[in-house]
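User: I have just opened this entry and would like a guided tour. Could you take me through it step by step?

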Amino acid sequence: MRRVQGAHWQLRAATAAAVALLTSTAACGGTDTGAEGAGAGDTGSGSPAPSHARFAEDIAWSDGGRVGLHYAAGRGLMEQHQDTAGGPWSKPRLVYATEGDACQSITLKAFRDTVTVIANWGAYCADGEPPTESVAAVGTRNLAIWDTRVTEDFDGWEKAAPVAGTGDLLFTRSSTEWLTRLRWSPTGGFGEVEDIRR
């Protein structure tokens with residue numbers, strides 16, 4: 001009889017422990033499947049917000065879809081997009097690989113069906129130090145193709161804009177003494193970085 005009662009108490013204790021474990025897991029939000037798991041990046045609000053993103057930026061682009069980019073620690077610059085408004089988000093795609101520390105923001109612009117991105121990495125650059133990797137990127141062909149150009153030990157690009165009368169894009173940075181620019185064309189991709197004295 002005592003042996004049976006002892007077995008009942010052990011069973012009750014084990015059941016209570018299992019219930020406590022399941023309750024605490026549910027309260028903490030369950031298990032983390034990571035940003036590349038099913039449905040990653042789709043928050044239901046129309047903006048990609050992967051769980052490991054340090055910074056994120058998303059904008060509308062052609063036909064009402066959206067494109068979003070974020071920094072993934074130890075991996076680099078990741079992209080996801082919707083082809084149409086309310087459509088499913090694409091799987092995360094690596095646009096530029098680096099293990100560097102992410103800087104303060106991502107600058108993202110859309111020009112018709114072309115998307116430009118400015119992103120930076122470097123030790124302590126999130127605290128104000130200049131970046132050691134400055135990336136200009138252009139996404140074309142429904143974002144199936146990404147062209148990137150890294151400029152090292154550079155203060156970073158300030159803006160990207162279309163060149164009037166062409167399909168070209170121009171990345172620029174201005175100072176009191178210099179205009180630094182980088183041109184991209186649909187046929188030739190990125191050219192060389194130019195420093196023009198003011």
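This is a predicted model: local features need pLDDT of at least 70, side-chain atom pairs count only at pLDDT 80 or more; totals for chains, interfaces and linings use all residues.

User: Which residue in E11 does threonine 172 stand opposite?

Analyst: Threonine 172 stands opposite arginine 181 in E11.

User: And how many residues lie between E10 and E11?

Analyst: There are three residues between E10 and E11, which form a hairpin.

User: What about strand E9 and strand E10, how do they pair?

Analyst: Strand E9 (residues 159-162) pairs with strand E10 (residues 169-174) in the antiparallel sense, over four bridges. Within this pairing, proline 162 stands opposite leucine 169 in E10. E9 and E10 also form a hairpin, here with six residues between them. Glycine 165 in that turn has a positive phi of about 80°.

User: Let us change topic. How many disulfides does the structure hold?

Analyst: The structure holds one disulfide. It is formed by cysteine 103 and cysteine 125, with their sulfur atoms 1.9 Å apart.

User: Which parts of the chain does the pair tie together?

Analyst: Cysteine 103 lies in strand E5 (residues 102-111), while cysteine 125 is in the loop between strand E6 (114-121) and strand E7 (133-140), so the pair ties together parts that are 22 residues apart in sequence. The torsion about the S-S bond of cysteine 103 and cysteine 125 is about -140°, so the disulfide is left-handed.

User: Are those cysteines buried or exposed?

Analyst: Cysteine 103 and cysteine 125 are both buried.

User: You mentioned E5, E6 and E7. In what order do the strands of the open sheet come?

Analyst: The order is E5-E6-E7-E8, four strands in an open sheet with antiparallel pairing. E5 and E8 stand at the edges with a single partner strand each, so one side of each has no neighbour in the sheet. From one strand to the next, the twist averages 15°.

User: How many bridges are there between E6 and E7?

Analyst: E6 and E7 pair over seven bridges, in the antiparallel sense. Isoleucine 118, for instance, has alanine 136 in E7 as its bridge partner.

User: What does valine 115 touch?

Analyst: Leaving aside residues up to four places away in sequence, valine 115 touches Trp61, Val67, Leu108, Lys109, Ala110, Ala137, Val138, Gly139, Leu143 and Trp146.

User: On to charges. How many salt bridges does the structure hold?

Analyst: The structure holds five salt bridges. One of them joins arginine 149 to glutamate 192, at 3.7 Å from N to O. That pair links distant parts of the chain, with arginine 149 in strand E8 (residues 145-152) and glutamate 192 in the loop between strand E12 (189-190) and E13, 43 residues apart.

User: Why does glutamate 192 count as exposed?

Analyst: Glutamate 192 is exposed because its relative accessible area is 61%, and the cut-off for exposed is over 50%. Arginine 149, with a relative accessible area of 22%, is partly exposed.

User: Which residue forms a salt bridge with arginine 183?

Analyst: Aspartate 168 does, and the closest N and O atoms are 2.9 Å apart. Arginine 183 is in strand E11 and aspartate 168 in the loop between E9 and E10, 15 residues apart. Aspartate 168 is buried, with a relative accessible area of 13%, whereas arginine 183 is partly exposed at 36% relative accessibility.

User: Finally, where is glutamate 194 found, and what does it touch?

Analyst: Glutamate 194 is in strand E13 (residues 194-197). Not counting residues up to four places away in sequence, glutamate 194 touches Leu179, Thr180 and Arg181. Glutamate 194 and leucine 182 are twelve residues apart in sequence and 6.4 Å apart in space, C-alpha to C-alpha.

Terms used:
Residues are numbered from 1 along each chain as its sequence is written. Side-chain values use heavy atoms; hydrogens and water are left out. Two strands pair if DSSP finds at least two bridges between them. Helices (H or I, at least four residues) and strands (E, at least two) are DSSP runs, numbered from the N terminus. A disulfide is a pair of cysteine sulfur atoms within 2.5 Å. Buried means under 20% relative accessible area, exposed over 50%, partly exposed in between (1.4 Å probe, protein chains only). Contact means heavy atoms within 4.5 Å. A salt bridge is a side-chain nitrogen of Lys or Arg within 4 Å of a carboxyl oxygen of Asp or Glu. Axes are lines fitted to C-alpha atoms, for helices over the stretch in contact, and angles run from 0 to 180 degrees between N-to-C directions.
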